[in-house]
Amino acid sequence: MVDIYQQHNLMHEYCKVIPNLQQYDAIYSPYSDCGIFGHYFNGEPDYTQHMSHLGGTIGEIFSHYLSDVDVTRAKNKLYNELLSVQSASDVMQQYGPQFLNLNRKVPRSEIALRVSSMDARYLQDICKKWFVNQEPSFTSWGPIDQIA
């Protein structure tokens, strides 16, 4: 396996070290008093331990190697998503969780303002606080008999 700590590219570059990885997604579900953050991997059962290892260490990797370029790309993606809300379904998907979790609608300008103040160092500190030296939790589906 390639040493993933020596790679300095986007999240997808880290995932390329897993052979036959079919699907990857990062998941974040905020709630009023907590949140769930995780990774979803779909691939060959023989590489389940690789996927579990990467899912448990990717927060630590980002606490060291997240760059301002990555943050700028993510900000631009978010700004484009905020501006592309057009259909009623898009509005419900954006505002529904805000009403449930915060009891209010958060204006696009407030979201953009809060995100604009974030930089790589701030996000690295957040990763260190919540992911480094923390105990991960794993859930697996399918033929997982070989997992220790």
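Helices (H or I, at least four residues) and strands (E, at least two) are DSSP runs, numbered from the N terminus. The model on screen is predicted: local features need pLDDT of at least 70, side-chain atom pairs count only at pLDDT 80 or more, and totals for chains, interfaces and linings use all residues. Residues are numbered from 1 along each chain as its sequence is written, and side-chain values use heavy atoms, with hydrogens and water left out.

**Stop 1: the two strands**

Select residues 21-30, which are strand E1, and residues 35-43, which are strand E2. The two strands run antiparallel and are joined by 9 bridges. Strands are said to pair if DSSP finds at least two bridges between them. A hairpin of 4 residues leads from E1 to E2. Now pick Pro-30: its bridge partner in E2 is Gly-35.

**Stop 2: the aromatic pairs**

The structure holds 2 aromatic pairs. Rings of Phe, Tyr and Trp (its six-membered ring) pair if their centres lie within 6.5 Å; planes under 30 degrees apart count as stacked, over 60 as edge-to-face and the rest as tilted.

Show the side chains of Tyr-24 and Phe-41. The ring centres of Tyr-24 and Phe-41 are 5.0 Å apart and the planes stand at 45°, so this pair is tilted. Tyr-24 belongs to strand E1 and Phe-41 to strand E2, 17 residues apart. Are Tyr-24 and Phe-41 buried or exposed? Both are buried, where buried means under 20% relative accessible area, exposed over 50%, and partly exposed in between (1.4 Å probe, protein chains only).

Next show Phe-37 and Phe-131. Their ring centres are 5.2 Å apart with the planes at 45°, so this pair is tilted. Phe-37 sits in strand E2 and Phe-131 in the segment after H6, 94 residues apart. Phe-37 counts as partly exposed, at 42% relative accessibility, and Phe-131 also counts as partly exposed, at 30%.

**Stop 3: the largest nonpolar core**

A nonpolar core is a set of buried Ala, Val, Leu, Ile, Met, Phe, Trp, Tyr and Cys residues joined through side-chain atoms within 4.5 Å. The largest one here has 15 residues. Select Tyr-14, Cys-15, Ile-18, Phe-41, Leu-54, Ile-58 and Phe-62, the residues with the most contacts inside this core. Helix H1 (11-15), H2 and H6 are the elements that give two or more residues to the core. Which element gives the most? H2 does, with 5 residues. In soluble globular proteins, nonpolar side chains tend to be buried together.

Keep Ile-18 selected. Leaving out residues up to four places away in sequence, Ile-18 touches Phe-41, Tyr-47, His-50, Met-51 and Leu-54; contact means heavy atoms within 4.5 Å.

**Stop 4: helix H6**

Select residues 120-130, helix H6, and colour its buried residues: Ala-120, Gln-124 and Cys-127. Looking down the axis of H6, these buried residues fall within an arc of 60°, so they line one face of the helix. The arc is that of the directions from the helix axis to the C-beta atoms. The buried residues of H6 pack against helix H2 (48-65) and helix H3 (68-83). On the other side of H6, Lys-129 and Trp-130 are exposed.

**Stop 5: Gln-94**

Move to helix H4 (residues 88-102) and select Gln-94. Gln-94 is buried, with a relative accessible area of 14%. Not counting residues up to four places away in sequence, Gln-94 touches Leu-82, Val-85, Arg-108 and Ile-111.

**Stop 6: the salt bridges**

The structure holds 4 salt bridges. A salt bridge is a side-chain nitrogen of Lys or Arg within 4 Å of a carboxyl oxygen of Asp or Glu.

- Lys-77 and Glu-81: their side chains meet at 3.9 Å, N to O. Both lie in helix H3, 4 residues apart, about one turn of the helix. Lys-77 is exposed, at 54% relative accessible area, and Glu-81 is partly exposed, at 41%.
- Glu-110 and Arg-114: the N to O distance is 3.0 Å. The two are 4 residues apart in helix H5 (residues 108-116). Glu-110 counts as buried, at 18% relative accessibility, whereas Arg-114 counts as exposed, at 54%.
- Arg-121 and Asp-125: the closest N and O atoms are 3.9 Å apart. Because they are 4 residues apart in helix H6, about one helical turn separates them. Arg-121 counts as partly exposed, at 48% relative accessibility, and so does Asp-125, at 36%.

Finally, select Arg-104, Glu-110 and Arg-114 together: salt bridges that share partners join them into one network.
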